[in-house]
Amino acid sequence: MKRKAKKLPASKSAEEVENSDPSSHGEEEEDEEELPTPSKATKTEDHASEESVPRPQKLSKGELYKPPTAEELHQLKEAESLFHCNLLKMQMEELLKEVVLSERRKRLVDSFIMKIKALLQNVPQTREVELNDHSWISEGVKVPFLWVPKTTKGKFHMAPPASVSLVGSYPLGTCTKPSVSVDLSVIMPPAVLHPKDVLNQRYPRKRALYLAGLAQHLRSSPEIGTLRYSCLHGNHLLPELTLFHPKRNNVRTHWYTDAVGPPTPHYNSSLLGDVLPKAHLQFLSAISAQCSAFGEAVALLKVWLRQRQLDRGAGCFSGFVGSMLVAYLLSSHRVSNSMTAYQLLRNSLHFLASTDLTKNGITLAKNPDSKAPTLHEFHSTFQVVFVDPSGYLNLCADMTANTYKQVQNEASLSLQFWDDPTVDGFQALLMTPKPLIRTCDHVFQLHGLVKLQASCKKLNLLGELMDHGGDYVLTALPFILSLLQLGLGKRIHLLTHSLTADPEWSVDSEPPKHKDQTPLSFGLLLNPEHSSSVLERGPPADSPEAAEFRQLWGPRAELRRFQDGAITEAVLWGGSSACQKRLVPREIITHLLQLHADIPESCVRYVGGLFDDVIKIGTGEEESLKVVQSFDDLSRKLWQLEDLPLSITSVQAAHPALRYTQVFPPVPQKLDYSFFEQDKQSRALVPHKDKPCPVFIPPLQVICHMEGSGKWPHERLAIRHVKAAFHIRLGELLRKQHMYTCSTTPTHVDVYKDGLIFRIQVAYHREPQVLRESIGPDGLLRYRDNEEAQALEMETLHRPYLTSTLHGLQQQHPSFGVTCRLAKRWLAAQLFSDEVDEDAADLLVASLFLQPVPFTPPSSPQVGFLRFLHLLSSFDWKNCPLVVNFNSQLTASDYVEIKNNFIASRESLPVMFIATPKDKKVSIWTKQGPSVQMLQRLIVVASESLRVLEAQLLDPSQNQDVRVALRPPLDMYDVLIHLNPKYVPLLDQAVDPPHITFSRGTVPGSAPSTRGLLPVIDFNPVSLYLAELRDAFGHLALFFCDPYGGTVIAVLWKPQAFKAQPFKTSQMSARCVEVSGDEAHSLPNVEAILEDFRIMGDALVRKVEPRMENWVV
């Protein structure tokens, strides 16, 4: 294990000082271990007296209107040219105030450091013993090193350190919260060391023993609290002796094995890590002295790295590397010393995005000596090259090429939205966390890491294993990444991996073994064009590349002849449905790891399709496609109808199933006619009262616009009569020309086609305007908006347009529809489907694809669903409108207009405001809900669901049941109405379907495309019962139910409904009289209401369960 020389958390420092200084009690709160939000006010560092508080001063008119000074003009110009607006500048300034240490905290830390230094200078000297003799260490302290091999030559004794000094970010002034740490460099005395200690891990072992001796000494002091060992960035060895060439061998192979010794560049780099901290500090201090904004720029870069989880763990892009990068840009004059922190951050990200350090390394060495390695030599040894000022140390020695590619990708994404005025750049750039599970489309883990020992042997990595001090995880990782990158190829945009966390353990515990590390997590950013392809087409059979292809894929490679006549190598993967094809990368990964690295499939935990079963009845996506294809065919036939009085101008879909977002798309059913009764007049099937509720067949709404003509009347009732006549005519023509079974009503015509019901509704474009017309008392024509006109516009204009637009979005992003289905299934399962309707839910998901910053658009339903939960739980619904910019129709000025209108009219607007290009001011999709209280609950439930799911997806030790996030907590409700599953038609769609099943009047086989008896349409007893309850008792209670197979209706009493009201005979529905003195009041009759629940439900209600512990009447 590699340890830090001495790393002291600042929080611990303050705690120790507080123990000795009671006056400092209570100051810890200002440095909470969470990233700050820009809205929080910075706490004052010292308690100012009342006299020092600034008070407003009255200014003369001349002072008020005097022209700005040159300095003020400069600041205004800077804000205008560098930032979207002054707000962004202030946000960055406030962020810097939040992340840097306060002066009071620094004084506490400095005081504690002085005590530590004094203790360390008094370390007692011990007798000299063999390096393997640990008897001088007390039982309460363990040596933080894995002694493999167990023996090595050398002698050791404890002695006071040669020096103790501050290094790292704290003395430089670039130390940032939340993870504040102070590094102390403790130099071992020369008498403890020997010139040959660089060989065979002697120095790392002496260093570990010395660290154990320091721990033993510090534990004896009452001023020191808990001590823990740690590893710096997951590295193993941190020696301090001399400069080393990366191609030298300093671990003798005959000591480690019996083979010839290769170079040990990583071992050598870790040795150099102890030599150069002071030199690096001096270099960075000199740079900082020349550039006043250096510290602030480094602080911003550290925040950027932390939000993307790039600055912690083995091979990370640490804050120190970030500091060196900014220093490189300044020292090489790529940026100016006069630049602001904002400019330095932007230029740093631009450099990262445009410079590939895996191919073109950089160096800080101005005049390296003749023995220093060249950049070419560094590249031949390391994957990423960034050389320090000495010319010998590669600062990115342990970084994999994939980690740097991730840094590049993140920098490129950040620059894309940096100047976008339609994006909150500050929030996306510095305030939004990007964990792996929410950033990557698919994630998989390798557990049982002990298997990687066999991988090292299979991949012939013995030299690399020795170079990494026996850490087979870090040894095998780069080769596994290269293998998977080659195999996945164009299926992915990026392959990344989590960085092994820096281990920490108590000083009285043995160091953790390599096999005890947390599972390795890998992330895939998929290329949706190729990721689901089941065919891997290789080179022609007679080409030289064919042998490499066969070697890569092993027995899965085969010769295949294609339609163009070519005979090539190819690999065919399994998968017939869309959800199976999405998991082709899993099949590739498990095959390659087993074939080339001896990692069995049981060690690979692929997290990519765990949510599919939640919304899968059949396959889901294929059913949606069949529904859309059937609609397209019906649309063509409607266009071709002859003998209509007026021609059809458009046929528009207006149902979620016709835009791929229906949670459970309708499946064509072949009916068992014996299960039903038959209406003699219409020959339509009707339910049998003694049998279970028949299969639920929803009508798919289709809006058919007729051409404008002077033949249309101008009176609302007459328009309805004309529309009814059109419905009759459409039914006749479809029945006559295409043999469809039709049922005509004045408001629509139902068409039975391909086992589906299409409900065609004729629309006249001027009808909403006619509904708004009224004649005033003065006889003048007036226009006044009303609910009837709004509802008609919603049904015939807005919803068809939304359906068409979302259908187009599905064509661009194949995972959009499935993400919508998952989101709406969660909303329904958590009993929110009546608060956030289907259209609003689809718009919420659409925003994730149209404006995904700081992410890329989701390419898998899983990551889309997790981001949906994050959007619900983190978006500032109170102060910000959610803008869904379809087809980029909204410009920057439109965004400003929407924001200004939103602020001006906030009190009258819905609490969840969604703006679209066709709806900038009203948010028609959320006018009916959610309420303030329900939105607050929605936020809480979404936050908890996200926490549970992300923890479960990344922790294989947890119970792997994603349905836990779809099971609603029912303990908050006042009454539970339990339903009889026999009469719940969608029972098989429940989150946890019961084992008992009922016949629903269907038989196996294909539904007829034409003719056939008309089935029972849109018959759901649960929905009908729920509507009756709300109509009768909506003034007393709220009713909630999962529309997809829910067998419980949850009831929540309205608090104001139980307040005593004056007795009125006209308002005695469901109430009882209570007489107090001379006054009579009425209260809800709860017992009668509960009995009415049961009576209204009849056979549908199994029992009514009052939760008396929640309420008292």
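Cys440 is buried, with a relative accessible area of 3%, where buried means under 20% relative accessible area, exposed over 50% and partly exposed in between (1.4 Å probe, protein chains only). Cys704 is likewise buried, at 0%.

| Residue | Relative accessible area | Class and source |
|---|---|---|
| Cys440 | 3% | buried |
| Cys704 | 0% | buried |

The structure is a predicted model, in which local features need pLDDT of at least 70 and side-chain atom pairs count only at pLDDT 80 or more, while totals for chains, interfaces and linings use all residues. Residues are numbered from 1 along each chain as its sequence is written, and side-chain values use heavy atoms, with hydrogens and water left out.

A disulfide is a covalent bond between the sulfur atoms of two cysteines. With the criterion of a pair of cysteine sulfur atoms within 2.5 Å, the count of disulfides is zero.

His748 lies in the loop between strand E22 (741-744) and strand E23 (749-753). Leaving aside residues up to four places away in sequence, His748 touches His727, Ser743, Arg759 and Ile760; a contact means heavy atoms within 4.5 Å. Helices (H or I, at least four residues) and strands (E, at least two) are DSSP runs, numbered from the N terminus.

Helix H11 (residues 294-307) packs against helix H12 (residues 319-331) at an angle of about 135°, the axes being 9 Å apart. The arrangement of H11 to H12 is therefore oblique, since angles under 35 degrees count as roughly parallel, over 145 as roughly antiparallel, 65 to 115 as roughly perpendicular and the rest as oblique. Axes are lines fitted to C-alpha atoms, for helices over the stretch in contact, and angles run from 0 to 180 degrees between N-to-C directions. From H11, Phe294, Val298, Leu301 and Lys302 make the contact, and from H12, Gly319, Gly322, Ser323, Val326, Ala327 and Leu330.

The protein as a whole contains 34 helices and 36 strands. Of its 1113 residues, 52% are buried. Among contacts between residues at least 6 apart in sequence, 73% join residues at least 24 apart.

The average pLDDT (the predictor's confidence in each residue, from 0 to 100) is 84, and 89% of the residues score at least 70. Residues 1-54 stay under 50, and the model has 123 contacts beyond four places in sequence for them. Residues 236-247 also stay under 50, with 67 such contacts. Where pLDDT is low, the predicted coordinates should not be read in detail.
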